[in-house]
Amino acid sequence: KAVVSTQSTGGALHITSVGHSLRHIAIGSDSGVVNLYNKDDIYKSNSKPLRAVMNLTTEINRTVFNSSGELLAISSKDLKHSLRLLNTNSLQCVPNWPTSNTPLAHVTSLNFSPNSGYLGVGNTKGKALLYRLTHFQSF
């Protein structure tokens with residue numbers, strides 16, 4: 001295999017997570033920043049991210065897209081309740097979830113169900129949490 005492109009991640013010292021969908025590539029860093037790129041632009045020299053998500057402040061451990069690529073879930077296990085959902089169409093984080101009352105603890109794993117109706121979250125307390133995403137009709 002050959003390297004087809006290299007990217008600067010805008011000041012991040014270390015890349016800690018990479019996720020992809022049909023349209024996007026998400027690169028998480030040790031500084032808590034996640035850069036979202038258009039997949040078609042990533043091969044161009046000096047491509048700029050569509051969005052730099054700076055909602056988390058500790059090392060990003062997971063960057064996971066749902067099956068349609070509409071949502072990007074990002075998390076950090078280093079700080080409690082460090083999970084954000086990014087709508088890739090609007091390039092905005094979901095503002096009303098998670099709340100301070102959402103019992104996430106330290107997130108260690110996450111994934112979407114095949115049709116995005118659910119988001120599963122694992123944590124350091126040994127719990128598997130399942131959240132229904134009502135925007136998606138099917139499971």
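Four strands form an open sheet in the order 5-6-7-8, with antiparallel pairing. Strand 5 (62-65) and strand 8 (92-93) lie at the edges with a single partner strand each, so one side of each has no neighbour in the sheet. The model is predicted. The protein chain has eleven strands and zero helices, and buried residues account for 43% of its 139 residues.

**Strands 7 and 8**

- Strand 7 and strand 8 are paired in the antiparallel sense over two bridges.
- Leucine 86 stands opposite cysteine 93, which belongs to strand 8.
- Serine 100 lies in the loop between strand 8 and strand 9.
- Serine 100 counts as exposed because its relative accessibility is 68%, above the 50% cut-off.
- Serine 100 and histidine 81 are 19 residues apart along the chain, and their C-alpha atoms are separated by 7.7 Å.

- Strand 1 (residues 15-20) and strand 2 run antiparallel and are joined by five bridges.
- These two strands, strand 1 and strand 2, form a hairpin with three residues between them.
- Valine 18 has isoleucine 27 in strand 2 as its bridge partner.
- Five bridges also join strand 2 to strand 3 (residues 34-38), again in the antiparallel sense.
- The hairpin of strand 2 and strand 3 has four residues between the strands, and glycine 32 takes a positive phi near 95 degrees there.

**Burial of strand 2 and histidine 24**

- Strand 2 is mostly covered, with six of its six residues buried.
- In a regular strand the side chains alternate between the two faces of the sheet.
- Both faces of strand 2 are covered: His24, Ala26 and Gly28 are buried on one side, and Ile25, Ile27 and Ser29 are buried on the other.
- Histidine 24 is found in strand 2 (residues 24-29) and stands opposite asparagine 38 in strand 3.
- Histidine 24 counts as buried because its relative accessible area is 6%, under the 20% cut-off.
- Leaving aside residues up to four places away in sequence, histidine 24 touches Gly19, Leu36, Tyr37, Asn38, Lys39, Leu50, Phe65, Gly69 and Thr88.

**Nonpolar cores**

- The largest nonpolar core has 16 residues, of which Leu83, Leu104, Leu110, Phe112, Leu119 and Val121 touch the most other members.
- Strand 6 (71-75), strand 7, strand 9 (107-112), strand 10 (118-123) and strand 11 each supply at least two residues of this core.
- Strand 9 gives the largest share of this core, three residues.
- A second, separate core has eleven residues, including Val34, Leu56, Ile60 and Ile74.
- Leucine 119 touches Leu83, Leu85, Trp97, Leu110, Asn111, Phe112, Leu129, Leu130, Tyr131 and Leu133, not counting residues up to four places away in sequence.

**Largest pocket**

- The volume of the largest pocket is about 270 Å³.
- Its lining has 13 residues, and Leu71, Leu85, Val94, Leu133 and His135 are the closest to the centre of the pocket.
- By class, seven residues of the lining are nonpolar, four are polar and two are charged.
- Strand 7 (83-87) and strand 11 (128-132) each supply at least two residues of the lining.

**Contacts along the chain**

- Among contacts in the protein chain between residues at least 6 apart in sequence, 39% join residues at least 24 apart.

Methods:
Residues are numbered from 1 along each chain as its sequence is written. This is a predicted model: local features need pLDDT of at least 70, side-chain atom pairs count only at pLDDT 80 or more; totals for chains, interfaces and linings use all residues. Side-chain values use heavy atoms; hydrogens and water are left out. On a 1 Å grid over the protein atoms alone, a cavity is a set of points where a 1.4 Å probe fits but cannot get out, and a pocket is an open set with protein on both sides within 12 Å along at least five of seven lines; lining residues have an atom within 4 Å of a point. Grid points are joined across faces, edges and corners, and a volume is the space filled by probe spheres set on the points. Ala, Val, Leu, Ile, Met, Phe, Trp, Tyr, Cys and Pro count as nonpolar, Asp, Glu, Lys and Arg as charged, and the others, Gly among them, as polar. Two strands pair if DSSP finds at least two bridges between them. A nonpolar core is a set of buried Ala, Val, Leu, Ile, Met, Phe, Trp, Tyr and Cys residues joined through side-chain atoms within 4.5 Å. Buried means under 20% relative accessible area, exposed over 50%, partly exposed in between (1.4 Å probe, protein chains only). Contact means heavy atoms within 4.5 Å.
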